[in-house]
Amino acid sequence: MPDTLVALYVFVLSCFIGYYVIWGVTPSLHTPLVALTNAISGIVIVGALLVTGLESVSTTAEIIGFFAVLLASINVFGGFLVTNRMLAMFRKDKK
Amino acid sequence: MQISVNFQAIAYLVSAVLFVLALKGLTHPASARRGNYLGMAGMAIAIGATLFGSEVQSYGFILAGVVGGAVIGTILAMRIKMTDMPQLVAALHSFVGMAAVLVAIGTFLNKREADLLNGVLMGELSAGIIIGAITFSGSVIAFGKLQGIISGKPVRFMGQHAVNAAIAIAAVALGVHFALTESMTSLVLMTLLAFILGFTLIIPIGGADMPVIVSMLNSYSGWAAAATGFTLQNHLLIIVGALVGFSGAILSYIMCRAMNRSIWNVIFGGFGSESGDAPSAVGEAVEKGVKSAAIEDAVYWMEDANKVIIVPGYGMAVAQAQHAMKELMEQLEARDVPVKFAIHPVAGRMPGHMNVLLAEADIPYDNVLEMDEINPEFSTADVVLVVGANDVVNPAAKDDTSSPIYGMPILEAGKAKNVFVVKRSMRPGYSGVENLLYYQDNCSLIFGDAKDVAEGMVTTLKGGGH
């Protein structure tokens, strides 16, 4: 099976996982959900690292990669921290 | 230290599992924080496995980028006010979109250098760039509208849809041309057109539809990550992209359902614009036969009520009244009056916006109920206090078949014994529809800023009540 087809299998099956997991999320946590998905979509940082860190990388590609790493890192750090900040505020009744 | 390709693949798999568990954690507030930590662990593993893999050889630029991003991200996350959360989210979406575009262009340059280009790869690159660019510029517009830099009014012109369709077709055609010929000109033109398309797609959408737009751009950012995964043949990116893409898509669907509109209607149709402030609110109200009440009147009913239900809306966020609400709740609970909060799915500017603001004010989540849970309770409540919400309590959505919002599920606040609506003016809600609730016999309006009114109520209650 060609690589692209394998990737397609992974993609389609992941869509189903996403569908069932997300429907389980409680509506009161929808804002943290958006923030958390923001953080994990920072996973494009992996792509950015691969572009930037290549041994034979040209300077142009290296600079482009630097900005990609920078932006994706903002997402990763900002996303997880703000999610954590929000979730820390949700508390049960003390009574 | 360097790890093998197989070890790296296993690490990516572990990371993907952790991300699924992270999302699963959000099923309940009690497990949510642990979920977030699992997500962090997943990200750390993914980044570590990439850095120690055989492909990454130079670290200078990477280190600079990560450190810079960490500083900026941390400052943003710590400083942001909870009311401004939709703006932060929009900004972060734009970063993912831009990063996806940059990764695609960088990959193209690297592969061309190594002479590894082929049609399939370049097709995938084009898709990644188009989705990423639309996500970026669309999110920038959404950010501008949320932040008030650009008007929240929908901007429409003749033939808008035709123009959008033409841009989209041209961008795809250029992408195909690029995949077939490696033409740099086509690549650049395609990228530019995709950026323009992001602007023109989001600019016609009004402020009240922002919950849908924020969710939709959330979805796009996921698809952008997935497209990047296809170009890099990286399954982790594909998995995560699909998870995020579906998350945003489901949220968009939930938001649309809560407005009884289709996603197409939000993107291509939409209701009227926000109108200006009415000059004399009270005078106009009297003219229209609406009762206005003083803070003391509301307190009189609330202090002996069997139950008070508060319906917060975007107006509460604007007035920063959530902390005053908490004080009001405490004063009433001290008098054995139970207080509950009723949340409509589209209250605020993003999904779940009200819940976060109430949590920020330290209101326990057990007191905060969703529409379906709370609706049966309105008819047995002595007092409902509507704070900065409008369309979501308008009975016209149920009774008036000619109303533009007919069919939208609402909070049935009007069924309570007494309804008090805190409002700044008689201005209609975002839909531009007159709210029939105000003309009901059991409803009175308290004119004023939500925070001032709530604080006034607290003062009155502290002073021994009515």
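This is a predicted model: local features need pLDDT of at least 70, side-chain atom pairs count only at pLDDT 80 or more; totals for chains, interfaces and linings use all residues.

Let me begin inside chain B. The crossing of α8(B) past α9(B) is left-handed. Sorted by class, the residues in this contact are 17 nonpolar and twelve polar, with no charged ones.

Next, the two chains together. How much area do chain A and chain B bury between them? The figure is about 8,400 Å², and 77% of it lies on carbon and sulfur atoms. On the chain A side, A:Ile43, A:Arg85 and A:Arg91 lose the most area to chain B, and together they account for 8% of what that side buries. Counting residues, 83 from chain A and 104 from chain B take part in the contact.

Now salt bridges. Over all chains the count comes to ten. One pair that crosses between chains runs from B:Asp362, in the loop between α15 (353–360) and β3 (368–370) of chain B, to A:Arg91, in the segment after α4 (59–89) of chain A. The side chains of B:Asp362 and A:Arg91 meet at 2.7 Å, N to O. How many salt bridges are found across the interface of chain A and chain B? There are two. A:Arg91 was also one of the residues I named for lost area.

That leaves the helix pairs between the chains. Two packed helices are described by the angle between their axes and the distance between the axes, and I will give both each time.

Which residues meet here? From α3(A) they are A:Ile45, A:Leu49, A:Thr52 and A:Gly53, and from α3(B) they are B:Phe61, B:Ile62 and B:Val66. That contact divides into five nonpolar and two polar residues, with no charged ones.

The other pair is helix α2 of chain A, residues 30–41, with helix α4 of chain B, residues 85–113. Here the axes come within 10 Å and cross at roughly 25°. Are these helices parallel or antiparallel? α2(A) and α4(B) are roughly parallel, because the cut-off for that is under 35 degrees. The crossing of α2(A) and α4(B) is left-handed. A:Thr31, A:Val34, A:Asn38 and A:Ser41 of α2(A) make the contact with B:Met85, B:Val89, B:Leu92, B:His93 and B:Val96 of α4(B). By class, that is five nonpolar and four polar residues, and no charged ones.

That is the end of my part.

Terms used
Residues are numbered from 1 along each chain as its sequence is written. Chains are lettered from A and ligands numbered from 1 in the order in which they are written. Side-chain values use heavy atoms; hydrogens and water are left out. A crossing is left-handed if the near helix is turned anticlockwise from the far one by less than a right angle, and right-handed if clockwise. Helices (H or I, at least four residues) and strands (E, at least two) are DSSP runs, numbered from the N terminus. Ala, Val, Leu, Ile, Met, Phe, Trp, Tyr, Cys and Pro count as nonpolar, Asp, Glu, Lys and Arg as charged, and the others, Gly among them, as polar. Contact means heavy atoms within 4.5 Å. Buried area is the accessible area (1.4 Å probe) that two parts lose on being put together, summed over both. A salt bridge is a side-chain nitrogen of Lys or Arg within 4 Å of a carboxyl oxygen of Asp or Glu. Axes are lines fitted to C-alpha atoms, for helices over the stretch in contact, and angles run from 0 to 180 degrees between N-to-C directions. Angles under 35 degrees count as roughly parallel, over 145 as roughly antiparallel, 65 to 115 as roughly perpendicular and the rest as oblique.
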